[in-house]
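Trainee: I would like to learn how to read a fold from its elements, its packing and its single residues. Could we go through one case step by step?

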Amino acid sequence: MQYQQTIRPVWFKYIWLGVALIVLLPILFSAFYTIDTGERGVVLRFGRLTAIADEGLSVKIPFVDAVKVMSIRDHNLSIHTEVSSSDIQTIAVDVSLVYALDSKQVDRIFQTFGMDIENTLIRPTLSEKINAVIAEYPIETFVEKRAEISSRINSTFANQVAGSGIVVKSLLITNHDFSDDFNKAIEDKKIAEQGALTAKFTLERMKLEAEAQKVKQASLSPMVLQEMAINKWDGRMPTYFSGDQLPFVTIK
């Protein structure tokens, strides 16, 4: 009986040591975290922003600190939208925006927009600028001035988000499509223009041919006509004629 009483505390000691290790090891490992290249960590202590963690291994207080990871790499945002031209024609456009978050303003970006700046600021602002700029152009000039329109959308968007922590890298209109009604109208217009050009060419040709015929007839004197008739005469007298003169020459 005494032997069991002396052994019992030893087993309890190892049991408590094992329990302590099971509890403490996860806590110990949770105190370390890493930030990958192209990212920044927003450190929150009881919900309050306290620091921005750079790339590499860092330490935080378990159960007290939380880390939100934000990417500062280039992001490609594609938007498909339908807009109206200045002459109230519908144009479907695809716009590609390449942007990044300013690594020096990550704390401000998080405090202002949280983790979803793309849907909170970028997407609605870009959609508004696309509509506003394209609405200044008639649809027939859209293709010719597409590069100019892209540049204007880029500059107006960049000015609008300046100071928000967004770095605009590039913006391009990658595709566009007109409405079926406008495409048919363009096709009909081209057919009509082609028909008008063909008719104009035919009329000009007829005028030139008529003018050439007039010049040719005016240049044919009676002697020239007589010479041409002689050259074509086969030497035989005609079987009938009218008047007191032979139809070609008078033989004395």
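What follows is a dialogue on this predicted model.

Trainee: What does the secondary structure of the protein come to?

Mentor: There are six helices and eight strands in the protein. Read from the N terminus, the order of elements is α-β-β-β-β-β-β-β-α-α-α-β-α-α.

Trainee: How much of the protein is buried?

Mentor: Of the 252 residues, 24% are buried. As for contacts with a separation of 6 or more, 64% of them join residues 24 or more positions apart.

Trainee: What follows H2?

Mentor: Gly114 comes after H2, and its phi is positive, near 70°.

Trainee: How is the packing of H3 and H4 described?

Mentor: Two packed helices are described by the angle between their axes and the distance between the axes. Here H3 (residues 117-134) packs with H4 (residues 146-161) at an angle of about 135°, and their axes are 9 Å apart. Angles over 145 degrees would count as roughly antiparallel, and 65 to 115 as roughly perpendicular. H3 and H4 are therefore oblique to each other. The crossing in which H3 passes H4 is right-handed.

Trainee: Which residues of H3 and H4 meet?

Mentor: From H3 come Leu121, Ile122, Thr125, Leu126, Lys129, Ile130, Val133 and Ile134. They meet Ile149, Arg152, Ile153, Thr156, Phe157, Gln160 and Val161 of H4. Sorted by class, this contact of H3 with H4 holds 10 nonpolar, three polar and two charged residues.

Trainee: Take Leu121 from that list. Is Leu121 buried or exposed?

Mentor: A residue counts as buried under 20% relative accessible area. Leu121, in helix H3, is buried because its relative accessible area is 15%. Beyond the residues up to four places away in sequence, Leu121 touches Phe113, Val161, Ser164 and Ile166. Phe113 is one of the buried residues of H2, and Val161 belongs to the H4 side of the helix contact.

Trainee: Now the strands and loops. Where is Gly38, and what is Gly38 in contact with?

Mentor: Gly38 sits in the loop between S1 (32-35) and S2. With 12% relative accessibility, Gly38 counts as buried. Leaving aside neighbours within four places in sequence, the contacts of Gly38 are Glu55, Met70, Ser71, Ile72 and Arg73. Its C-alpha atom is separated by 6.0 Å from that of Ser71, 33 residues apart along the chain.

Trainee: Is Glu39 buried or exposed?

Mentor: Glu39 lies in strand S2 and counts as buried, because its relative accessibility is 16%. Apart from neighbours within four places in sequence, Glu39 is in contact with Glu55, Val69, Met70, Ser71, Ile72 and Arg73.

Trainee: Phi of Gly114 was positive. Which residues other than glycine have a positive phi?

Mentor: Two cases can be given. Phe46 has a positive phi of about 55°, and Phe63 has one near 65°. Phe46 is in the loop between S2 and S3, and Phe63 in the loop between S4 (56-59) and S5.

Trainee: Are Phe46 and Phe63 buried or exposed?

Mentor: Over 50% relative accessible area counts as exposed. Phe46, at 69%, is therefore exposed, and Phe63 is exposed with 72%.

Trainee: What about Ile61?

Mentor: Ile61 is also placed in the loop between S4 and S5. At 38% relative accessibility, Ile61 counts as partly exposed. The C-alpha atoms of Ile61 and Phe32 are separated by 8.8 Å, the two residues being 29 residues apart along the chain.

Notes. Residues are numbered from 1 along each chain as its sequence is written. This is a predicted model: local features need pLDDT of at least 70, side-chain atom pairs count only at pLDDT 80 or more; totals for chains, interfaces and linings use all residues. Side-chain values use heavy atoms; hydrogens and water are left out. Axes are lines fitted to C-alpha atoms, for helices over the stretch in contact, and angles run from 0 to 180 degrees between N-to-C directions. Helices (H or I, at least four residues) and strands (E, at least two) are DSSP runs, numbered from the N terminus. Angles under 35 degrees count as roughly parallel, over 145 as roughly antiparallel, 65 to 115 as roughly perpendicular and the rest as oblique. A crossing is left-handed if the near helix is turned anticlockwise from the far one by less than a right angle, and right-handed if clockwise. Contact means heavy atoms within 4.5 Å. Ala, Val, Leu, Ile, Met, Phe, Trp, Tyr, Cys and Pro count as nonpolar, Asp, Glu, Lys and Arg as charged, and the others, Gly among them, as polar. Buried means under 20% relative accessible area, exposed over 50%, partly exposed in between (1.4 Å probe, protein chains only).
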